[in-house]
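Subject: Structure handover

Hello,

The structure we discussed is below, followed by notes on what turned up in it. Please read them with the coordinates open.

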Amino acid sequence: MTGTVIPPGTTVPNYLAFSILATILCCLPAGIPAIIYSAQVNSKLLSGDLAGAQAASNNAKLWCWISFGLGLGAGLFFVMISMLGVLHRGHSY
Amino acid sequence: MRSVASYRYRQYLASATCIVGVAGAIVLRVFDPANSGVYPPCPLHYLTGLYCPGCGSLRAIHQLLLGNFTNAWALNPLAMILLPFVVYGLASQALVELRGRALPEPILSGFWIRALCGVIVLFGILRNVPVYPFDRLAPGALFHL
């Protein structure tokens with residue numbers, strides 16, 4: 001436990017819950033960097049690297065959004081092709 | 001320093017997100033993902049036939065909302081283990097936005113978070129192995145022997 005002393009009450013969000021949710025429900029490949037950056041937030045916070053923790057936090061947030069966007073995009077894409085498919089097949093639901 | 005307007009904006013956003021979450025839970029309670037076309041399927045499973053670590057989690061949460069714990073467990077055991085923690089984390093985040101104060105959270109070291117990531121990936125790999133006992137990890141396979 002070295003480095004500068006972080007003032008008490010300082011928190012850097014690590015977005016871990018969002019990362020896990022994004023990994024499982026949205027997009028696994030983009031969710032993994034989100035979890036890894038979440039891990040870095042806590043590692044750096046514990047070692048006193050506040051700036052590094054903040055940077056990792058921003059990256060975790062970014063990758064959560066990328067994962068969410070890709071998951072949403074894939075979902076919308078599927079809805080689109082399934083609607084086209086339904087139009088093609090008529091009533092064979 | 002954040003302005004008061006920014007705080008207000010974030011409060012509205014958090015409230016709206018909570019409402020969307022509750023609405024989602026109601027939809028998930030009413031429509032079963034197993035046999036209704038309301039939900040898009042997992043893109044990975046749709047394209048490749050492989051199960052991702054999250055496959056079965058929507059069906060599992062549906063069963064959970066109906067009170068069928070064994071069915072939920074069979075559909076995605078990992079999601080059922082992680083769900084309480086994820087819900088707690090999300091509730092904590094919502095409280096940060098609404099009141100500026102989080103729920104008590106342990107600070108996990110980076111090692112444990114990476115280990116968790118490894119467990120999720122490993123679970124995703126193992127549930128595709130078509131050999132007993134790993135094949136029981138596929139969605140719904142546990143109690144349909």
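A residue is called buried here when its relative accessible area is under 20%, exposed when that value is over 50%, and partly exposed in between. On that basis, 30% of the 145 residues of chain B count as buried. Note that this is a predicted model.

**Chain B**

Chain B contains six helices and zero strands, giving the pattern α-α-α-α-α-α when read along the sequence. Its C-alpha trace spans about 55 × 40 × 30 Å along the principal axes. If you take the contacts in chain B between residues at least 6 apart in sequence, 50% of them join residues at least 24 apart.

One residue to look at is B:Val20, in helix H1 (residues 4-30) of chain B. B:Val20 counts as exposed because its relative accessibility is 59%, and the cut-off for exposed is over 50%. B:Val20 is 32 residues from B:Cys52 in sequence, and their C-alpha atoms are 25 Å apart in space.

**Chain A**

Chain A has three helices and zero strands, in the order α-α-α. Of its 93 residues, 34% count as buried. Chain A exposes about 5,500 Å², and carbon and sulfur atoms account for 73% of this. Among the contacts in chain A between residues at least 6 apart in sequence, 68% join residues at least 24 apart.

**The interface**

The area buried between the two chains is about 2,200 Å², and carbon and sulfur atoms give 83% of it. On the chain A side, the residues that lose the most area to chain B are A:Ile20, A:Ile24 and A:Phe78, which together make up 23% of what that side buries.

**A:Ser38**

A:Ser38 lies in helix H2 of chain A. Is A:Ser38 buried or exposed? A:Ser38 counts as buried, because its relative accessibility is 0% and the cut-off for buried is under 20%. The side chain of A:Ser38 is joined to that of A:Ser19 by a polar contact of 3.1 Å. Leaving aside its neighbours within four places in sequence, A:Ser38 is in contact with A:Asn14, A:Tyr15, A:Leu16, A:Ser19, A:Ala60 and, from the other chain, B:Ile113.

**Salt bridges**

Side chains of opposite charge can pair when their charged atoms come close. A search of the whole structure finds two salt bridges over all chains.

One is formed by the side chains of B:Glu97 and B:Arg10, at 2.8 Å from N to O. B:Glu97 lies in helix H5 (residues 77-99) of chain B and B:Arg10 in helix H1 of chain B, so the pair ties together parts that are 87 residues apart in sequence. B:Glu97 counts as buried at 15% relative accessibility, whereas B:Arg10 counts as partly exposed at 24%.

The other is formed by the side chains of B:Arg136 and B:Asp135, at 3.3 Å from N to O. B:Arg136 is partly exposed, with a relative accessible area of 24%. B:Asp135 also counts as partly exposed, at 22% relative accessibility.

Regards

Key:
Residues are numbered from 1 along each chain as its sequence is written. Chains are lettered from A and ligands numbered from 1 in the order in which they are written. This is a predicted model: local features need pLDDT of at least 70, side-chain atom pairs count only at pLDDT 80 or more; totals for chains, interfaces and linings use all residues. Side-chain values use heavy atoms; hydrogens and water are left out. Buried area is the accessible area (1.4 Å probe) that two parts lose on being put together, summed over both. Helices (H or I, at least four residues) and strands (E, at least two) are DSSP runs, numbered from the N terminus. Buried means under 20% relative accessible area, exposed over 50%, partly exposed in between (1.4 Å probe, protein chains only). Contact means heavy atoms within 4.5 Å. A polar contact is a pair of N or O atoms within 3.5 Å; within protein, one must be able to donate a hydrogen and the other to accept it, and residues adjacent in sequence count only if both atoms are side-chain atoms. Accessible areas come from the Shrake-Rupley method with a 1.4 Å probe; for residues, only the protein chains shown count as cover. A salt bridge is a side-chain nitrogen of Lys or Arg within 4 Å of a carboxyl oxygen of Asp or Glu.
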